[in-house]
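This report describes the sheet and the packing of selected helices in one protein model. Please keep the sequence and the structure in view while reading.

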Amino acid sequence: GVIHEGEPGGKVEQIGGIECYVATPTVDYPKDKVVLLFTDIFGMSLVNNSPSQLLADAFAQNGFKTVVPDQFNGDPVSDANMNSATFDLAGWILKHNEDTWRPIVDAVVSALKANGVTRFGTTGYCFGALPVFYLAYSNTSHASVVAHPSHLQAPGDFEKYRDVSKVPLLINSCDVDRQFPLEAQAIADKILGDGKFAPGYERRHWAGCTHGFAVRGDMSDPKVKAGKEGSFEATVEFFMKHL
């Protein structure tokens, strides 16, 4: 992915004992609503590269207080890891299974509820799709967005979403994505599309983009720039409508 420029404007806070990046609107905003942003495997903070923090800031600029939990408990994947021939990504994924991230998500949600938050929007990128679906399954959240999701099973997770969730869902997908290929996208549409999911289902497809475009896309590529900016705008509009 391309390193995006910009100085994050939020701050790191402890919420429910979990380190979180918090971006707060500078104008008046509804205190009972929060957007939870769940990151890709690179986590909420990267040295000299904080695309998830900058995304959180952008949501705050659109009027949504945004919280980015450290869902990997201080152990994200680094660029150095990804460029190392000896890094065991499969082992890292096994280590950060649902049993490890679920208590982190629960702790943050519980603490925010205790502070008066009653409505949650969720947006997840790559690995972050898992906690988005987790909170939708229990109907804890009120609007779900995923971009280039990974580790979702098609058809299983989408059938479960249809059967147990009442949370509107937006998927931002792309052309080249081994984690969520065109076949899986079609399966999601077949299960949830054409009005089959009453709470609301949308899938926006961004041509010319590859996995990771919504967070770490190459902004010098016009199609990727359009996908990154367009998927963000679609997410904001979805939250405006449903949150």
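Helix H5 is largely enclosed by the rest of the structure, because eight of its nine residues are buried. Buried here means under 20% relative accessible area, exposed means over 50%, and partly exposed lies in between, with a 1.4 Å probe and protein chains only. Helices (H or I, at least four residues) and strands (E, at least two) are DSSP runs numbered from the N terminus.

The model is predicted, and local features need pLDDT of at least 70, side-chain atom pairs count only at pLDDT 80 or more, and totals for chains, interfaces and linings use all residues. Residues are numbered from 1 along each chain as its sequence is written, and side-chain values use heavy atoms, with hydrogens and water left out.

The buried residues of H5 are Ala 129, Pro 131, Val 132, Phe 133, Tyr 134, Leu 135, Ala 136 and Tyr 137. Their cover includes strands E3, E5, E6 and E7 as well as helices H4 (98-114) and H6 (156-164). Just after H5, Asn 139 adopts a positive phi of about 55°.

Ser 141 is located in the loop between H5 (129-137) and E6. Its relative accessible area is 3%, so Ser 141 is buried. Apart from neighbours within four places in sequence, Ser 141 is in contact (heavy atoms within 4.5 Å) with Phe 120, Thr 122, Leu 135, Ala 136 and Val 167.

## The sheet

Eight strands make up an open sheet of mixed pairing, in the order E1-E2-E4-E3-E5-E6-E7-E8. Two strands are taken to pair if DSSP finds at least two bridges between them. The edge strands, each pairing on one side only, are E1 (11-15) and E8 (201-210). On average, neighbouring strands of this sheet are turned by 25° against each other, direction ignored.

Strand E5 (residues 119-125) pairs with E6 (residues 143-147) in the parallel sense over five bridges. Thr 123 has Val 145 in E6 as its bridge partner, and Gly 124 stands opposite Val 146 in E6.

Strand E6 is largely enclosed by the rest of the structure, because five of its five residues are buried. Both of its faces are covered, with Ala 143, Val 145 and Ala 147 on one side and Ser 144 and Val 146 on the other.

## Helix packing

Axes are lines fitted to C-alpha atoms, for helices over the stretch in contact, and angles run from 0 to 180 degrees between N-to-C directions. Helix H9 (residues 222-242) lies across E3 (33-38), E5, E6, E7 (169-176) and E8, running at about 165° to E8.

| Pair | Axes come within | Crossing angle |
|---|---|---|
| H5 and H6 | 9 Å | roughly 30° |
| H1 (residues 51-61) and H9 | 11 Å | roughly 45° |

Angles under 35 degrees count as roughly parallel, over 145 as roughly antiparallel, 65 to 115 as roughly perpendicular and the rest as oblique. H5 and H6 are therefore roughly parallel to each other, whereas H1 and H9 are therefore oblique to each other.

In the second, Leu 55, Ala 58 and Phe 59 of H1 meet Phe 232, Thr 235, Val 236 and Phe 239 of H9.
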